[in-house]
Structure formats: C-alpha cells, structure tokens
Protein chains: 2
Amino acid sequence: MRDTFHDELDQIGSSLVEMTDLVGSAIRRATSALLDADLQMAEAVISADEEVDRLYHQTEQRAFDLLARQQPVALDLRVIVAGLRMVADLERMGDLAHHVAKIARMRYPAHAVPPELRSTVLEMGQTAERIVAKAGSVIADQDVAMAVELEADDDVMDALHRKLFMIVLSDSWEHGMEPAIDVTLLSRYYERFADHAVSVARRLVYLVTGEPPEALSGDLTAAVRER
Amino acid sequence: MRDTFHDELDQIGSSLVEMTDLVGSAIRRATSALLDADLQMAEAVISADEEVDRLYHQTEQRAFDLLARQQPVALDLRVIVAGLRMVADLERMGDLAHHVAKIARMRYPAHAVPPELRSTVLEMGQTAERIVAKAGSVIADQDVAMAVELEADDDVMDALHRKLFMIVLSDSWEHGMEPAIDVTLLSRYYERFADHAVSVARRLVYLVTGEPPEALSGDLTAAVRER
C-alpha cells in the first residue's frame, strides 16, 4: 500500500516537472510571437494553455485523491500540500504566458514592442525560461543548489523590469502611450512569471531542508550552506 | 473529537472572514492614500500588511495541523483544502493593496493619479472593497446568492479597467508617461484584487453546491438557480 502511495506521489512530481516544461515552452514561444509579431505562434501559445490547465486539474485531483484515500501524515502530507501549491503557481505561469501571447495577437501585424526595447524583452523572456527550467530541475532532482542559482536569475529579472521602466520614462521615448502601456504590462507579466517560479522552487527547498520559505527569502545561500 | 474538529474548522472560517475585513480595509485605505496623496495613510497600509501575513501563516498552520491530526475525508477534507486556497488568495489581495499604497508613497507629495482619472480610480477602489466585503459574507453565511452579485461587481471592475485605458490612450491625455504607467499598474492591481476575491467566493460556492468553479465561471446564476 505504501509503495502505491509513493508511486502516485512520484507521478505528481512528474506532472509538476512536465508543467514546468509546458510553461517554459509557452513563455519562450510567447516571447518569440511578441518579438517577431508572429500571429500563428501567438495563437498556438493561447491554445496550448488548455493543456496546462488540463494537467493542473488532473494533478490537483490526483493530490486530492491521495489525501482522501491514504490520509498521509508528516512529510508525506507536507509533500502533497506543497504539490497543491506548486501546481497552482504553474497554472498561473501558464496564464501569464498566455497574457503575453494575447498582447502579441492584439497588436498584430504591428510589433507590440518598439525596437529599442526588444533586447530587454528578449532578455526577460530568456530569464523567465531559464528560471522555470531551473525550477523543473529543482523538482526533478531535489536540487537545492539550483534553487540558489534561480534566486540570482530572479534578481536579473527585477533589474530588467526596472531598466524597462527607465527606457519608457526617458526623454528619448518616442512611441507614445499604447506601446508604453503594452510594455508596462508585459514587464509585469514576466516579473510575476518569475516570481511564481521562485515560489515553486522555494516550496521544494522547504520540503528538502525543512526551512520555511520566509526564512530563506532573499538568502537561500545561507540555508543551503548550513546543510 | 469530531466536535473539536468542527470547532477548529469554524476557527479557520472565522480567520478567513477576518482576513476579508483586513484586506477590505487595506484596499479602502490604500485608495484613500492614493487619492489624497496621504503619506501617513500609505505607510499605515504598508505596515498593516504584516498582520495579514501573520493571519495567513496562522490559518495555514491551523489547516495543516487539522489535516495531520484529524485526517479528514470527503467534505471535511474538501473544506480544508479550499480553505488553504482561499487564505492564499486573501494573502495575495493584501499584497496588492500594499502595492497600491507603495505607488501613493512613491509619488508623495504629488498625486499619482491625475485629476480626470480620480473618479475612475475611486470607483475601482469602491468596487474592490464591495467585492471583498461580499466575499466575506459568502464565507460567513455560505451565501451563494451573494456570490452571484459579486460576479456582477467583477464585471463592473473589468469595465472600469477598460475605461481607464481608454482615457490614458485618448488624444486629450496630457500627463505624460509616468502617470500613465502608474495608473496602468494601479488598474492591474485593482483588477487582480477583484479576481482573487471572486476566486475566494467561487471556492466557497463549490463547497456548498458541489459545482466545480470552472462550471460556474461566467454564469454562477444558472448554478444557483438549479439548487
């Protein structure tokens, strides 16, 4: 009975890793749709969010069934509750990639992002993708060191978020209001995407190290060093 | 033993209602800080978010202890899992009120919101406050009809969100980029605040009616009518 339980727990873990793949692909393709003004790709990202939602409901149901049938305690219970949170974060990340793609679609055939911001947006997209890929490794390998790296990537994301505002607010901005609003929202979507990925990684670290996420926030390194 | 269990479940419900009060007060006072450029009130909202976070952790811990000690099944299990989600939504609503207050503080002694947008922002604040108050009633009284009302309020919020963009994008906008970005983000914060409140109410409706939130989305009325 316990073996079945741990098999099912592993399946939940695999689904979480699969979701990190899906939302990583979604944010990469959404960024591509945005930078290339590629309507077809934007539509593909928008449709693909259904698969993320399907996995979300399936994984949630599986976790819920496990709680009901097996009545786990201690660490097993903590793992399932953390899994329920991680899956909700991942589902939200799918929504955010979907929001990015919708802005690309809304402005097509024009580019939503003016030329001088494309490299910054590209870097936000790449950073988002890197963070979620690392979150996937953190889950798959219980790799706490990777979680430390990912926090540094999140600092990069925050710096890009600030940089983008500085460009929009500079005197040399000549694109008017609509692109300014688009990139403000886009920047917020990328930043939130990264925040949710950080939250996924922190929950896993909590399970592995027993340190609550608050204690680790801002300085995971110390917590890892103590192990 | 079961009585203790249900007492503790009631305590979780009371904490959720208390959190709706706190975040309702936070969004009201954040809106006030914003519209009056009131630094002291902005600081008060920012500090008060700690109390929301404290209640969040306490309620989460209580739900977690109940899961571990009582190993509930069926409806009791669903109630606790839903409670864990609702408390996470409410914590996030506290963050969003905090973000609104931070924009007020950042622009002080200036007003972040230009005169012609103040009535729209006021209405967004009032709508947010009304939605969260109704979410509190939905929880306190298991009032499914109130949840239907609240969906209509959320439609009002979405309309205000669109209206605000139209004003910022109109030819008559003369406040430049910084206020445009501030109000874009503010509008997003209010809209997300309302979305989380809707999510809280939907989870409660799910517990009461057994209809999954997806099935109700967009048309709670039908689900309620069928009861």
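Helix 6 of chain A is largely enclosed by the rest of the structure, because 25 of its 33 residues are buried, a residue being buried if 20 or more other C-beta atoms, placed from the backbone, lie within 10 Å of its own. Helices here are DSSP runs (H or I, at least four residues) numbered from the N terminus. This is a predicted model, in which local features need pLDDT of at least 70 and side-chain atom pairs count only at pLDDT 80 or more, while totals for chains, interfaces and linings use all residues. Residues are numbered from 1 along each chain as its sequence is written, and chains are lettered from A in the order in which they are written.

**Helix 6**
- From its first C-alpha to its last, helix 6 of chain A reaches 47 Å, close to the 48 Å expected at 1.5 Å times one less than its number of residues.
- Just after helix 6 of chain A comes A:Gly210, with a positive phi of about 80 degrees.

**Contact between the chains**
- Chain A has 18 residues in contact with 18 residues of chain B, where contact requires C-beta atoms, placed from the backbone, within 7 Å.
- Helix 6 of chain A gives the most to the side of chain A that touches chain B, with seven residues.

Key. Contact = placed C-beta atoms within 7 Å. Helix = DSSP H or I, 4+ residues; strand = E, 2+ residues; numbered from the N terminus. Buried ≥ 20, exposed ≤ 12 C-beta atoms within 10 Å, placed from the backbone.
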